[in-house]
Amino acid sequence: MLTRTWRKFCSSRIGRSIFRVGLPGSDLERARVGVSSFLLHIQPVKVQSRSLKFRTTFGLGLILLYLFLILIVTGVLLMFYYVPSPELAYRSMKDLEFVVTAGMLLRNMHRWAAHLMVLGVVLHMCRVFYTGAYKPPREFNWVIGVVLFLLTLGLSFTGYLLPWDQLAFWAITVGANISSYAPFVGEKVRFVLLGGNVVGPSALLRFYVLHVVLLPAGMAFLVAIHLWRVRKDGGLARPAEPDLIEEEFAEFELPPEKTYGLMELARGSSAAVGTAQEDTVFSWPHLVFREILLLMLTVAGVLVLAIFWNAPLEEFANPAHPPNPAKAPWYFLGLQELVAHSAFWGGVVVPTLLLVALIMLPYIDTKPDGVGVWFSSQRKTAILIFSICLITMTVLTVIGSVFRGPNWDFTVPWHPNVEEH
Amino acid sequence: MSDTRLQRLYPWFTASSLLVGILVVVGFYRDRFREWKVWQRDYIRQETARATTPQEKDAARRIPVAIKQIVLPEVQRVDRCVTCHVAVDDPSYSGLPQPVSYHPNHDQHPFDKFGCTICHQGQGFATTKQAAHGNVKHWDRPMLPMLQIEASCAKCHHPADLPQAPKLTRGHALFQELGCIGCHKLHGRGGAIGPELDKVGAKHSPQWLTMHFKDPAAVSPGSAMPPVIVEEADIQALTLYMMSLTGEQLTEYHVSMKTIPGPRVGRQLFEEKGCVGCHKVGGKGGDVGPPIDDVATRRDAEWIVAHFRDPQALSPGTVMPKFDLTEHEIRALTEFLLSLTDPGIVGYIKIPTWMTPVERGKSVFGKYGCAGCHGRDGQGGVPNPNAKTAEQIPSLKYAAEGYTDTELRSRILNGQHEITPMDTERPPPPLYMPGWNGKIAAGEMDDLVAYIKSLLPEGDDLDF
């Protein structure tokens, strides 16, 4: 019944002008859906069924895209209530909690989606690394990915200050101090970032503008390029199987009913127009359905967090009353832990080296081995080095988050003193 | 093949759609049924039940359920208390259980100007009981219990000028009497041995303050402060006075209320303006005008106020000048004059020129908080652990014998920062004598020395 009504609408004049093809019934129509719609710009007409398997990517890239969209939607709604001036900023948090309809839900969603996004970016990066997906021709997309990682941190960090409570104020103070350890430019960077030497109203305004205009715009731009490149580089990375394709190509005959032609130009052996006997399926419905399903699950996950856990809001920021210990946002606690041992090594050398290494990775490790395979045995050294760095940063972050009490002394989370704070 | 793979997704679709749907409903449900709505509906029900005519019933039913708030931008407050306490301004609700109950006292503190949290504290932004009453984490000013509400009065009123707040007034008086400012600075005046007290009420909880008076070192390890030994009620009064010291700045409007009369302000004016130059009080003073301590028996407040405004209009030909007094000052002076029938009050008037040097010295002794360490009347006995002088601050009674005037002066001006310890192994005595050079004026010093010398018990001249 529903389907019939839908078909009727699609075949009407208005319906055709919107959907062009309608609900596709045949492979031809499925192909036409891909070609004639906007979706073509993001995904090909047909995709490898291997790419659709959940364990290939765990859907991390898409989840990040959805989190970004959730953040934009909730963020724009929050902007209707938020005023970037200390007194009013804090008050708007209270208004959201106590007055605005679903205001707390909105703020919670924004907060948790932001944390999830930082976590997701790291996991996504691990996925890409462990499947060797940064190897040629995808080197530069990895670099864009690293920049997106930095933008995500920047967005999360700038958003952290906006509630203007004790948590925000001191986390940003500590974070900004870490940035000032950079040689020569550190102090200047901090001054430009804060619009002064301490976190104050001008810092709030700058962080706000960065958070709602500059960084999201940069992010959207780079995300578009990132996705477009995935598509142009032939979809997801997968193992090269030249022998198989050649073999099958010899036996392959063009089906007589195949009337569609070249729809795109892509590098590599992946799109393989003409060698069509691959394990591919139509993007509509196989990919699109899975994408929608993942969207639903992502929204559901964020909603669960937002309904049952409130975003923190402490006392109004008080520059005269630092909490002990004052901690940076959790994703910088690994750095703060390092800085606690040595400002120069932890605040300058290690982060710089890590960042340079991340960016340079696809240009250092150019061997085409193990592409598209999880933990390929041909990449033992690379995997070992990456894993050591990853585990070290994770351990440092955990120590910084949970095992550091007043005066940055070692403590255990179940210690009663921690509760008091 | 591909169709069956697709079909495997269908249950997932159903489940995830249901999940998102349910979550959205749960999210909004929790939002829709906020506790303040219960009270507003309760209020509407009562209003509807009270309505006698159909029109009234109709109007009652149409009362909107909505957030109500008192916005006070100049004091950074938005008080939403009236969202639940909807009937605070309706006397017909007096005596009914909270929150839908009447709040008396509208005239002195109009609610639309004062809101709620200026006096009651708590979290005005909030619309749930727990958060609004401030019993939540990350809100450091919970609602004041009614027993301690007087602490808020001092935000605008002078604590000594407030008969409606006896505990606060008592606390303030004790603070002066015990010489707390000998060690602590308050409003820019006082010693530097202990911490400043300008915002002490915002920094510490009432429990902490009470504990601190009883045993300072117990809550503030290493504190040099001797325990304050007074009755429990007085400890509470002192605590209340400390709680009132929040350093919060209210606006001109709110603060202007504090200059509205009060005999204490009147007395100050009376002492300053030199009224006794012409008028006799308690048998002392000039003869130009009539004695003034019985004015209450001859005139009423209205007459006195009018007379201050324009003496000629009421007593043609009088020599009393028209003083340049503000309306508030006139009312304060009038209140004071009317209180003069009480002979106790007359005895308190301090016109410096009427006092002997010893009397003035005694007030200097009080003014600088010397009693904090040297005890009331300089009798000593305040503990100073490990001081060679029996671990106490010695009495000043025999200072007149041990020191010449010059020595006494130099000792007060320069202080004694090193106190000889009883046992050099133990930590040095925490209390010491600060130098008062530049703080105590020369004239005051003369009077102070006279006072200290007067402490020597008569006939007790040991004459070594």
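Visitor: How many helices and strands does chain B have?
Guide: Chain B has 25 helices and six strands. Keep in mind that this is a predicted model.

Visitor: Is chain B spread out or compact?
Guide: Spread out. Its radius of gyration is 31 Å, while the globule rule gives 23 Å for 464 residues, so chain B is more spread out than a compact globule. Along the principal axes, the C-alpha atoms of chain B fill a box of roughly 120 × 80 × 35 Å.

Visitor: Which domains does chain B have?
Guide: The domain assignment gives domain 1 (35-143), domain 2 (150-254), domain 3 (260-348) and domain 4 (355-454).

Visitor: How far apart are the centres of domain 3 and domain 4 of chain B?
Guide: Their C-alpha centres lie 39 Å apart.

Visitor: And what are the confidence scores?
Guide: Chain B averages a pLDDT of 84, and 95% of the residues score at least 70. For the complex, the predictor gives an ipTM of 0.79 and a pTM of 0.78.

Visitor: Switching topic. How many residues of chain B are in contact with chain A?
Guide: 24 residues of chain B, and they contact 24 residues of chain A. On the chain B side, α1 (2-7) and α2 (10-32) each supply at least two residues.

Visitor: Which element of chain B gives the most?
Guide: α2(B), with 12 residues.

Visitor: What kinds of residues are on that side of chain B?
Guide: There are 14 nonpolar, seven polar and three charged residues.

Visitor: Over to chain A. At what angle do α15 and α16 of chain A pack?
Guide: At about 135°, with the axes 5 Å apart. Angles over 145 degrees would count as roughly antiparallel, and 65 to 115 as roughly perpendicular. α15(A) and α16(A) are therefore oblique to each other.

Visitor: Which residues make that contact?
Guide: From α15(A), A:Leu335, A:Leu338, A:Val339 and A:His341. The α16(A) residues include A:Trp345, A:Val350 and A:Pro351. By class, the contact has seven nonpolar, three polar and no charged residues.

Visitor: Which peptide bonds are cis?
Guide: One runs from A:Pro136 to A:Pro137, with omega near 10°. A:Pro137 lies in the loop between α8 (103-130) and α9 (139-161) of chain A. Another joins A:Asn324 and A:Pro325, with omega about 0°. A:Pro325 is in the loop between α14 (283-308) and α15 of chain A.

Definitions and conventions:
Residues numbered from 1 in each chain as written. Chains lettered and ligands numbered in written order. Predicted model: local features only at pLDDT ≥ 70, side-chain atom pairs only at ≥ 80, totals over all residues. Domains from an automatic or database assignment. Contact = placed C-beta atoms within 7 Å. Helix = DSSP H or I, 4+ residues; strand = E, 2+ residues; numbered from the N terminus. Nonpolar A, V, L, I, M, F, W, Y, C, P; charged D, E, K, R; others polar. Axes fitted to C-alpha atoms, helices over the stretch in contact; angles between N-to-C directions. Parallel < 35°, antiparallel > 145°, perpendicular 65-115°, else oblique. pLDDT = per-residue confidence, 0-100. Rg over C-alpha atoms; globule rule 2.2 N^0.38 Å.
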